[in-house]
Amino acid sequence: QSYDFNSDVTQNLVLHARWTDNSPKKEEKEKTDVKQESQSESKTPTMKTEAKNQDGSKVLFTGSKVTVIDTATWDGGTVSGQTYTLTGSVRNKTTGEVFKDKDGNPVQTSLTVTPTSDSGTATVTFTFEVPIGAEGVDLVVFEELRDSSGNVIVSHNNLSSSEQTVYIKKAVKAQTGVFVF
């Protein structure tokens, strides 16, 4: 007997086999050892992201309005044509807490994506003003991809990831003065 499985659906598949001997008076033998590695196939979704300033650098300056662009790429877990929500937040690398802009608002956003396969790429944009006094803080972008029921399909939430990290430095203002010769 043959089976047709939808390859777009991430699943854990366990195969059960039953052998019979057509000879008379032989008992039917069954094998259902789910622990055997060769019987089980699983495709675990993965995600990677890369965060940069809009100028392509990884440096943000205090007192500046900045745009951090995070490119999230996932492999597996989605079904072509279905709608998902990609949610991102900018975190303080030291505390893990959501970073707050100069007005005290959490820096986070979400967007709707409709992949054309079980893999995809989306760009998440965060625009905010970096508070004065935040120099020396490293920020890490977290991403989660959720289905329409709110279940997390895949995420990339790693405080140690250099690809997800941007750095805040103190803005240096040009000094003007009178020069006497």
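Mentor: Start with contact, which means heavy atoms within 4.5 Å. Keep in mind that this is a predicted model. By that cut-off, and leaving aside neighbours within four places in sequence, Phe-128 is in contact with Leu-60, Ser-64, Lys-65, Val-66, Val-68, Phe-99, Asp-101, Val-107 and Leu-139.

Trainee: What makes a set of residues a nonpolar core, and which residues have the most contacts inside the largest one?

Mentor: The members must be buried nonpolar residues, joined through side-chain atoms within 4.5 Å. The largest such core here has 27 residues. Those with the most contacts inside it are Leu-60, Phe-99, Phe-126, Phe-128, Leu-139, Leu-145 and Ile-168. Strands E5, E7, E8, E10, E11 and E13 each supply at least two residues of this core.

Trainee: How do you know that E5 and E7 pair?

Mentor: Pairing needs at least two bridges. E5 and E7 have eight, in the antiparallel sense, so they pair. Met-47 stands opposite Trp-74 in E7.

Trainee: And what makes E7 and E10 a pair?

Mentor: The cut-off is at least two bridges. E7 and E10 have eleven, so they pair, again in the antiparallel sense. Thr-67 has Thr-127 in E10 as its bridge partner.

Trainee: Now charges. How many salt bridges does a search of the whole structure find?

Mentor: Three. The test is a side-chain nitrogen of Lys or Arg within 4 Å of a carboxyl oxygen of Asp or Glu. Lys-52 and Glu-50 are at 3.5 Å, N to O, so they pass. Asp-103 and Lys-102 have their closest N and O atoms 3.8 Å apart, so they pass too. For Arg-146 and Glu-144 that distance is 2.7 Å, so this is a salt bridge as well.

Trainee: Why is Asp-103 called exposed?

Mentor: Exposed means over 50% relative accessible area. Asp-103 is at 57%, so it counts as exposed.

Trainee: Why does buried Asp-101 have no salt bridge?

Mentor: Set the distance against the cut-off. The nearest side chain of opposite charge, Lys-102, is 8.1 Å away. A salt bridge needs 4 Å or less, so Asp-101 has none.

Trainee: Which backbone atom does the side chain of Asp-101 reach?

Mentor: The backbone nitrogen of Asn-105, at 2.8 Å. Asp-101 lies in the loop between E8 and E9. Leaving out residues up to four places away in sequence, Asp-101 touches Val-107, Phe-128, Glu-129 and Pro-131.

Trainee: Last one. Why is Leu-159 called partly exposed?

Mentor: Its relative accessible area is 29%. Buried would need under 20% and exposed over 50%, so Leu-159 is partly exposed. Leu-159 sits in the loop between E12 and E13.

Trainee: What does Leu-159 touch, not counting residues up to four places away in sequence?

Mentor: Arg-91, Asn-92, Lys-93, Gly-96, Val-140 and Phe-142. Take Gly-96: it is 63 residues from Leu-159 in sequence, yet the two are 7.2 Å apart in space, C-alpha to C-alpha.

Notes:
Residues numbered from 1 in each chain as written. Predicted model: local features only at pLDDT ≥ 70, side-chain atom pairs only at ≥ 80, totals over all residues. Heavy atoms only, no water. Helix = DSSP H or I, 4+ residues; strand = E, 2+ residues; numbered from the N terminus. Buried < 20%, exposed > 50% of the residue type's maximum accessible area, 1.4 Å probe, protein only. Lys, Arg positive; Asp, Glu negative; His and termini not counted. Polar contact = N/O pair within 3.5 Å; in protein donor to acceptor, adjacent residues only side chain to side chain.
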